[in-house]
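Hello,

Here is the structure I said I would pass on. Please open it first, then read my notes on its salt bridges below.

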Amino acid sequence: MREFRYEKATDPAGAVALLAGEPEGAYLGGGTNLVDLMRLGVATPDVLVDVRQLTSTEVEDLPDGGLRIGAAVPNADLAGERRVRERYPLLAQALLAGASGQLRNRATTGGNLLQRTRCTYFTDTTMPCNKREPGSGCGAVNGYHRNLAVLGATNEGADSSHTCIATHPSDMAVALRALDASVRVLGADGERSIPIAELHRLPGDDPSRDTTLAHGELITAIDVPALPWATRSRYRKVRDRASYAFALVSVAAAMDLQGDVVADVRIALGGVAHVPWRATVAEDLLRGGPATEAAFVAAAEAELAAADPLSDNAFKIPMATNMVTRTLVQLAEARA
Amino acid sequence: MDNQITLRVDGADTPLTVDTRTSLLDAMRERLGATSAKKGCDHGQCGACTVLLDGRRVNSCLVLAVTAEGQEVTTSDGLATGGTPHALHDAFVDHDAYQCGYCTPGQIASAAGVLAEAARGWPSAVTEDLVADATDLTDAEIRERMSGNLCRCAAYANIVPAVAEVAVEQGVRA
Amino acid sequence: MTATTERAVGSDVRRIDGPAKVRGLAPYAFEHEVDGTAVFVALVQSTAAKGRITSIDTSAAQALTGVLAVLTHENAPRLGDVADEVVVLQSDRVQYVGEPVAAVVAETSEVARDAAARVVVTYDAQTPDVELRTDRDDLYAPEQLMAGFETDSVIGDVDAALAAAPVGVDITYETPNQHNNPIEMHATVARWDGDVLRMWDANQGPHNLVPVITEAFGITEDRLHIVSPYVGGAFGSKAYTHVHQLIAGMAAKVTGRTVKLELTRPQMFTLVGHRTPTIQRLRLGAELDGTLTAISHEVVEHTSQNAEFAEQTATATRLMYAAPARRTTHRLARLDVPAPTIMRAPGETPGMYALESAMDELAVVLGIDPVELRLRNEPDRDPERDVPFSTRNLVACLRQGAERFGWAGRDPRPGVREDGRWLVGTGVAAATYPTRRRPSAARIEAVPGKPYVVSIDASDIGTGAWTALTQIAADALRVPMDRVDLRIGDSRLPKASGAGGSTGITSWGPAIMAAAEQLADRDIPAGGLTVTGEAGPGDEAEQYSSHAFGAHFAEVRVDRDSGEVRVPRMTGVFAAGRIINSTTGRSQFLGGMTMGLSMALHEESVLDRTHGHYANHDLAEYHIAANADVGEMDISWIDEVDDLHNPLGAKGIGEIGIVGSAAAIGNAYWHATGRRVRDLPITPDKYFR
């Protein structure tokens, strides 16, 4: 790990001001990902600005019935928060499916969104990786990629500077994507709100950038809008171990069931893409249609039609298809 | 870069100079000679370094020591009061809930955290009723909640009854 | 002697090291010498799998405040004549990704790691060759296998018998490269006190390390002192000397300081060995009634450029079942990988996975219950050595296991049981592990009014040896356990064999008993009395075939949508001689069975064909079973005493638990789903093939 200065600020604006003058600096939240990446030599900030005690650790009601989650709320507390469990079961379940009890106690809501990929070529500084070292190529496409992306990835070959098949590792973000959360961000020019759909980005021509945040922008809170029918929601994660493993495939879904008709539906996928993947193709097919298993299968297959797998991760297509289907069946069968 | 801090580990305050890079785990093991918490991976992937930080279980390998100033660090050793072992200590011995013993202090600190989380009514990934008022630490619940602590000797099937025994005593298991 | 006491052996006494371990107060290797004077070593590892170092620039590392030394092949002390696999920092040659090419010693671990990252090494590198395939043209037959086994064995005309058999199977199984990954990473604290090298080290027996380390540093045995009272798991990786121990000795010599070298978890994948992958072709021929007529077990596995490690994968097949025609072969590919090593039941673990999977497949073809098929092929003598078994209770294990598990009435059809979305199945497999003993010595110091001090350089890597040896000593001395003060894990104690091959109790116990024998009926003078005893193999290994046996039963559930696999319950029954301590003994079986579950469902080290490195080199990517993966574990044993092998009647129990465990789970997976996965691990993706 490289040497760095450790700084505290008195308020969020002070932290933003501090980091604005530090091009190689970074914010320190719970540290469960950043400290690890620093130890691996993947992240090399020269100053850490500790923001754990600056941003809110509270979950507040929004006027519309939604919730505002302070960026410093630990994942464990958010999962334990009664209003989350009651209003957004998929979010509580996603949080509880992530990491371990110890990590959830330390990890913050803001930091969770900014987790970096666990692709082993990214975390190993001796390997080529366009995300870690732009232009170095991608070790994963011809290597160990069993758990990497099948949707929205860029694969122009191992030597291309564009190639990146990384996945976003967060479970929580998948649920928030389904819930159309928005992220409140403080920057040198003031505060702005970013729809979560616009926070994470596909690798495109610059795999090094995970998000659209500018340097020095600080997540202060996440707003989750009201969604009364999210009481009929669920997060289902498939992983190699029964616990304490990243997703092979995960599904966050909520359904507004009117009789036998899908009045509205939200579906997001984890473990399949560089971003928490919103299954808009499937949603569009389902909305207003029958809540039948056949319809769910057709929607899931349509969503996965765009998948472009490699030799060792093609299983994610039938797995994701099955998991979307099964999750929707369970929601359709559940009491609201 | 060096920082002057005071760490409070198992009730004892020790002023020391640490590199900003020093983890809480290394500060304990390499500076304070407090070696109850173990290093099994240094990446938050095994749980051997688990301690209670202000009463909450965390991986001390991922906590920078400079950020732990002013917080109460409790290792498995610190769960004992004077010469009296904690109920979890006795239960682990009685159930042979270990073999080599290396992951064990982390398992026990983690179990103490599990019991506290259950007392708060927090659900887990295997909790059927997310909005239940109270937590019942069934075997399945203990297995899930203790999964952040790997045991290569694989004493899991003994760890579960050890934690269960104390959970009953503490009223978080039916 | 004091009054005869109740027997300690066979009781369920708690671990005597337990109270210290649960609080974290039992000192493991790294936890010695904590007075703040020690300095720290960090390693620089090769990024080339094969080739030569063309330059090493250490200037940036040495410029850091706190750096005491940077060792490279250009300046490191010269080592004596040690085996190629432990030669380190002696030349510009590199033979695997991860080979240490420099070592930084610094005042703090933070500075050491930072400096190591600043050492710049360039290589003349060649393309690595790390792929094990059966169609390689460079496979070769080693002179012999590990533990002295013959490379091949042949009885009868196997091909003719296979061709003539009314029923047969011909199936290839693959087991992956695996890593031991004890939770305590290997660590060595080293200091030279004058010309004496002191080490506090994580190993499976200090005496195991003495030959290599004394040779490496050119010192006599009395100038090497290795202390290892507590070891945080090993499973084979801590049996032999590895490069880090020699680097620690060199770093201590160069700096004149107490140095601490603790491997990182990624380094655990390259510097302390692994289990070879295997490709195993099993051919079984049988009569319609299930009687085996031919067994052929051909193994292909790998070794490294710097060592010949020939795992004895098919040796269990030589004794498991009766058949007139039989053949086993082992062929190696020498690849650009780190040296393999022993990992819990080397040979038996991958080999019995294949044999016991093939037996299950044969049972299906024959339409015979898989328990019954095994019972019908029980040999009355060792089928290849033609000597009697000292004890063999496989049949009893199978019967008792079937009873406890509720096997009777099992519907043999696959893929027909559902519980919600779960497909449910059950499976069985047999287990075996050789019983051996090795020479060991023990010393007992008797002083009137004080506990007996019993000294032996035995090792407790989690086995329960601290407790079991105290029990054995107490019984041998006819005193309560609290009258025994056991000392183990120190190279200055009487020489004993290492903890490995499930030989600890059969080797160390008789040595302690022999020492105690010297005290029998003797009055202890006021000044005390010291006696020693030795024990070791006699001719039992020539006269008898001695093995532990066991049977595993598993229930498996497979999610029909996701392919996730769960093992809600397992039953294991073992015939492993006298069980010294029922509590710690049960834990040994439990740990082995669960590691077998982990092997079945999770474990695989992936070699990157392009770069030659282990791609998934940490515990987030190399999965070992977590608590939630393990269900109800029902463990019991047959009342067996093997007096023909050793005076304790014990057999060793550290390894048999893992043998066959993965096969039982694989067989149950088939029964649940109707699909055979013949290449471990059975991860969810394989459901979608």
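**Salt bridges in the predicted model**

Arg327(C) is buried, with a relative accessible area of 14%. Its place in the chain is strand S15 (residues 325-335) of chain C. Keep in mind that this is a predicted model.

Which residue does Arg327(C) form a salt bridge with? The partner is Asp159(C), and the closest N and O atoms are 3.1 Å apart. Asp159(C) sits in helix H4 (residues 158-164) of chain C.

Chain C has another pair to look at. Asp92(C) and Arg52(C) meet through their side chains in a salt bridge, 2.6 Å from N to O. Arg52(C) belongs to strand S2 (residues 51-57), while Asp92(C) lies in the loop between strand S3 (67-72) and strand S4 (93-94), so parts 40 residues apart in sequence are tied together. Asp92(C) counts as partly exposed at 25%. Arg52(C) is partly exposed too, at 43%.

Now chain A. Glu22(A) forms a salt bridge with Arg5(A), with 2.8 Å between the closest N and O atoms. Arg5(A) is in strand S1 (residues 5-8), and Glu22(A) is in the loop between helix H1 (12-20) and strand S2 (26-28). They are 17 residues apart. Glu22(A) is buried at 15% relative accessibility, whereas Arg5(A) is partly exposed at 29%.

Best wishes

Key:
Residues are numbered from 1 along each chain as its sequence is written. Chains are lettered from A and ligands numbered from 1 in the order in which they are written. This is a predicted model: local features need pLDDT of at least 70, side-chain atom pairs count only at pLDDT 80 or more; totals for chains, interfaces and linings use all residues. Side-chain values use heavy atoms; hydrogens and water are left out. A salt bridge is a side-chain nitrogen of Lys or Arg within 4 Å of a carboxyl oxygen of Asp or Glu. Helices (H or I, at least four residues) and strands (E, at least two) are DSSP runs, numbered from the N terminus. Buried means under 20% relative accessible area, exposed over 50%, partly exposed in between (1.4 Å probe, protein chains only).
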